[in-house]
Amino acid sequence: MVQLTVDIGGRPGLDCRGFCSYCYFRHTGKREIPPFGCRYCLPFIKGCDYCSRGVKEEYSGFKPLREVADSVLADIQSVRGEITRITISGGGDPSCYPEFIDLIELLASLEAPLHIGYTSGKGFDDPGIADLLIDSGLSEISFTVFASDPDLRREYMHDPTPEASLAILERLAEQIDVYAASVILPGVNDGAVLEETCHWLQERGVKGHILMRFANATEQGLILGNAPIIPDHPVQTVDEFAEMIRSVASTCSMKISGTPVFDPEFGSPFAIRNESDLLAKLPRIHGSASVITGSVAAPFIRDILQSCGGGDVVAVDKEIACLITADDLRKVDLSILADTVIIPGRSFVHLPEAESILSADGTARRVLRGPECLTADAETSMGMTRAGVLDMEISGFSDLIRLINLYGDR
């Protein structure tokens, strides 16, 4: 299987007809943010394209179609096997790409299923675009809906033609796999509005609805120095958000899942915690190491590792583990750390800097980067089976335990 990703570039807020009210790229402006450091950095250099430009979606704008076409051709020549999926992505909204129809016609000529990884639909003004997409081989699309009420889309997404956007979503759902997504703003599109939106989507054949918890503070994941997104707007606690997901899912046959928690159908994230037979198959823990993670994942990881014979889990204030930065590590109580420390694989930290920070008390600690994934969030699990989610967790935790046993103290 060969999957091709087509990067069209684009800038958040500029190449999407303006920021949505809740967009986590709002207020970044021209603020200079030093590189965070990450898993792609060279050992002796803090900063690479991913953690300095990529995390901020710093494109110069949409790429010209000719440049995109040349890149696609180069990718085709470098791969072996039949292309089974083509995904369109970028920093801007694909629906706003100025040469969108030409791009779709170009990719359709490759005769492989097309997938649009994300669109708000704000750039679609003509409902007829839906049939063009269907005829061109579009097989799957992730479509931000926010609400089925066009007035709410207009106000909070700044969609100039919300009726057209919703009509396109409706037409696509009749023919292809459509997954809807909504950032939930408490008091705006939750409650009765959310129930109405979910039932509207379900009636039209949408496969699933991913609900995303609104983030408004640094500890909730706004690492670009742009908090708050909406001053004084309330944010649900993780438990309140999980209960909302559970309640909405109980009224729908359509799949409902949430991020950072949870997928009621699979029990993820960390579905393996409820599978005693699978927990028994994980390696036993013989070493001692401190596993640093986010506050949401910490209790789950702690329970799973304890079932395997041990495991010291340290939670930072940052809720999402992959958004942990060096600033979060500076707040850790070093007196509780083992001599070996494992940080999240995708965290935005440069390993040499992490070792310096976590050894500031005079104890020289070895810092390792853990597996990239220990579980599947809603955006990942939406297109997976429960068996696939459990396999991902078995693999991730097995790798984590092997790290503990290999490098941890005996």
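This briefing covers the overall build, the cores and selected residues of one protein model. The model is predicted: local features need pLDDT of at least 70, side-chain atom pairs count only at pLDDT 80 or more, and totals for chains, interfaces and linings use all residues. Residues are numbered from 1 along each chain as its sequence is written, and side-chain values use heavy atoms, with hydrogens and water left out. The protein has 410 residues, and 53% of them are buried. Its fold holds 14 helices and 11 strands.

**Terms**

- Buried means under 20% relative accessible area, exposed means over 50%, and partly exposed lies in between (1.4 Å probe, protein chains only).
- Contact means heavy atoms within 4.5 Å.
- Helices (H or I, at least four residues) and strands (E, at least two) are DSSP runs, numbered from the N terminus.

**Overall build**

- A compact globule of 410 residues would have a radius of gyration near 22 Å, and the protein agrees because it has 22 Å. That radius is taken over C-alpha atoms, and the globule rule is 2.2 Å times the number of residues to the power 0.38.
- The C-alpha trace spans about 65 × 45 × 45 Å along its principal axes.
- Of the contacts with a separation of 6 or more, 73% are between residues 24 or more positions apart.
- The accessible surface comes to about 18,100 Å², and carbon and sulfur atoms account for 50% of it. Areas come from the Shrake-Rupley method with a 1.4 Å probe; for residues, only the protein chains shown count as cover.
- The protein carries 36 positive and 59 negative charges, and their mean positions are 6 Å apart. Lys and Arg count as positive, Asp and Glu as negative; His and the chain ends are not counted. Each charge is placed at NZ of Lys, CZ of Arg, CG of Asp or CD of Glu.

**Nonpolar cores**

- A nonpolar core is a set of buried Ala, Val, Leu, Ile, Met, Phe, Trp, Tyr and Cys residues joined through side-chain atoms within 4.5 Å.
- The largest core has 55 residues; Leu103, Leu133, Leu172 and Val178 touch the most other members.
- Beyond four places in sequence, Val178 contacts Ile141, Phe143, Leu169, Leu172, Ala173, Val206, Lys207 and Gly208.
- A second, separate core has 25 residues, including Ile304, Leu305, Leu390 and Leu403.

**Buried residues in helix and strand**

- His115 sits in strand S3 (residues 114–119). Its relative accessible area is 8%, so His115 is buried.
- His115 and Ile88 are 27 residues apart along the chain, with 6.3 Å between their C-alpha atoms. Setting aside neighbours within four places in sequence, His115 contacts Arg85, Ile86, Thr87, Ile88, Leu138, Glu140, Ile141 and Ser142.
- Thr293 belongs to strand S8 (residues 290–293). Its relative accessible area is 3%, so Thr293 is buried.
- Beyond four places in sequence, the contacts of Thr293 include Ala298, Val313, Ala315, Ile324 and Pro344.
- Asn405 is part of helix H14 (residues 386–407). At 12% relative accessibility, Asn405 is buried.
- From Asn405 to Ser288 is 117 residues in sequence, but 7.3 Å in space, C-alpha to C-alpha. Not counting residues up to four places away, Asn405 touches Arg284, Ile285, His286, Gly287 and Arg410.

**Loops and backbone geometry**

- Ala227 and Pro228 are joined by a cis peptide bond, with omega about -5 degrees. Pro228 is in the loop between strand S6 (208–213) and helix H8 (238–249).
- Asp232 is in the loop between S6 and H8. It is not a glycine, yet its phi is positive, at about 70 degrees. Asp232 is exposed, at 77% relative accessibility.
- Thr259 and Pro260 are joined by a cis peptide bond, with omega about 15 degrees. Pro260 is in the loop between strand S7 (255–259) and helix H9 (276–279).
- Phe146 is not a glycine, yet its phi is positive, at about 65 degrees. Its loop runs between strand S4 (138–144) and helix H5 (150–157). Phe146 has a relative accessible area of 1%, so it is buried.
- Ser250 lies in the loop between H8 and S7. Its relative accessible area is 61%, so Ser250 is exposed. Ser250 and Arg153 are 97 residues apart in sequence and 25 Å apart in space, C-alpha to C-alpha.
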